[in-house]
Amino acid sequence: MTVRPPRRAIKELQAYDGAIPSSDLVMAANESPFTLPEPLLARLESGMRDFAYRCYPDPLATDLRKKLAEQNGVAPENILLGNGGDELLLDTLLAWGGPGRSVLVFPPTFSMYGIYAHTLETQVVKIPRDSGSFALDVDAAAARLSQGDVDLCFVDTPNNPSGTLTREEDIVRLLEASDALIFVDEAYFEFSGVTVLPLLERFDNLVILRTFSKAFSLAGLRLGYALARPEVIATLTKVRMPYSVNAFSQWAGELVVEERSAFEPALRLIRSERERLYSALDALGGVQVWPSQANYLLFRVAEAHEVWRRLLDDDGIYVRDFSSAPGLTDCLRVTVGSPEQNGRFLQALADRMGSGTLLSAHDKRVPDPILSAKEAAHE
Ligand code: PMP
């Protein structure tokens, strides 16, 4: 038996590899290191038994939508929930992308923009970020948009993986350059505290993405939302899967909104740990680290892939390896963890950096004076 091939665009695609190698400590997916706050866990637990599991979910998540609208100072018609922010990215490309259409991206940035664009045979126009600062080239972007043939533009702020924030006045320039839909991905907004939400009153062509996956410790339940003008939301609603956001996630989302203040201590701690981690990495010889407004830090080290492999194999710490990605030579990304996790990561990295040439230190089995107990056992 044979099977006829899928569309050419699909045949050429590589599947997203989200597999997590076995490790003691995952600092690679920008998740929160903390579980849900106690009051929220208690409410989830007490509602579990009587939950309406047998019923289909409300397609538009009406109750959650209302609560989010109130929290953000907008109307429910300005909001659409999705099965993670990912679904809303795909919905946006389903509606604004497709054959004969173009999307503008600023690499290095979140890879799913390009992946969904390719899946839907959408042309991808790239304007690379500055190779030193990862700042967006707003003059080039505005000029490209003003040509009029770009349909959709993704701005990730803070940008994944660099952590770079894009200034509001730069986003305004993009919004004013054409009628292209400007998709501002604020997946890490709670860590930066900076949003372009007030611009929704002025611009028809703005979409903002938020997620419950990062600051709200809910990556496993898949919940994200878009904020936009009602006409844009109505268009996205046409292409979405009606029951994509399950009832349990909707309920958990409502509890998160109601218990929002219970997340504050963890958010404060992650932000201060980010600064501590930044200073420690900056002080480590041989490491270049970029300032970040998110819950991760991008850094460059010599022989980065080897450092990554040894952190994983020898220390059981999994960070994200971007060392062979375009524009990110020798770069790794570490998610800010708990103080204990960050300490463990820093110690492991310092050990690697302190042991001279990584390969030769490993191969020559030079005794390392600061070997952890685990490594010592392996030796
Ligand atoms: N945007 C960015 C920039 C991200 O990093 C992510 C998750 N890695 C998402 C969107 C999607 O997040 P989720 O689907 O978990 O809401």
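Helix H11 (residues 264-283) lies across strands E9, E10 and E12 in this predicted model. H11 runs at about 5 degrees to E10. Helix H13 (residues 339-354) also packs on the sheet. A ligand sits among 14 residues, and the protein buries 92% of the 400 Å² that the ligand exposes when taken alone.

**The sheet**
- Five strands form an open sheet in the order E1-E11-E12-E10-E9, and their pairing is mixed.
- E1 (25-27) and E9 (287-289) are the edge strands; each has a single partner strand, so one side of each has no neighbour in the sheet.
- From one strand to the next, the twist averages 35 degrees.
- E10 (residues 296-301) and E12 (residues 331-335) run antiparallel, joined by five bridges.
- Phe299 stands opposite Leu332 in E12.

**Helix H13 on the sheet**
- H13 touches E1, E9, E10, E11 (317-321) and E12.
- The direction of H13 makes about 90 degrees with that of E1.

**Ligand shell**
- Gly85, Asp185, Thr211, Ser213 and Arg222 come nearest to the ligand.
- Helix H4 (84-96) and strand E7 (206-211) each supply at least two shell residues.
- H4 gives the largest share, three residues.
- The shell divides into four nonpolar, five polar and five charged residues.

- An N or O atom in the side chain of Arg222 is 2.7 Å from a ligand oxygen atom.
- A backbone N or O atom of Asp86 lies 3.0 Å from an oxygen atom of the ligand.
- A ligand nitrogen atom is 3.0 Å from an N or O atom in the side chain of Lys214.

How values were computed. Residues are numbered from 1 along each chain as its sequence is written. This is a predicted model: local features need pLDDT of at least 70, side-chain atom pairs count only at pLDDT 80 or more; totals for chains, interfaces and linings use all residues. Side-chain values use heavy atoms; hydrogens and water are left out. Two strands pair if DSSP finds at least two bridges between them. Helices (H or I, at least four residues) and strands (E, at least two) are DSSP runs, numbered from the N terminus. Axes are lines fitted to C-alpha atoms, for helices over the stretch in contact, and angles run from 0 to 180 degrees between N-to-C directions. Contact means heavy atoms within 4.5 Å. A residue is near a molecule or strand if one of its heavy atoms lies within 4 Å of it. A polar contact is a pair of N or O atoms within 3.5 Å; within protein, one must be able to donate a hydrogen and the other to accept it, and residues adjacent in sequence count only if both atoms are side-chain atoms. Accessible areas come from the Shrake-Rupley method with a 1.4 Å probe; for residues, only the protein chains shown count as cover. Ala, Val, Leu, Ile, Met, Phe, Trp, Tyr, Cys and Pro count as nonpolar, Asp, Glu, Lys and Arg as charged, and the others, Gly among them, as polar.
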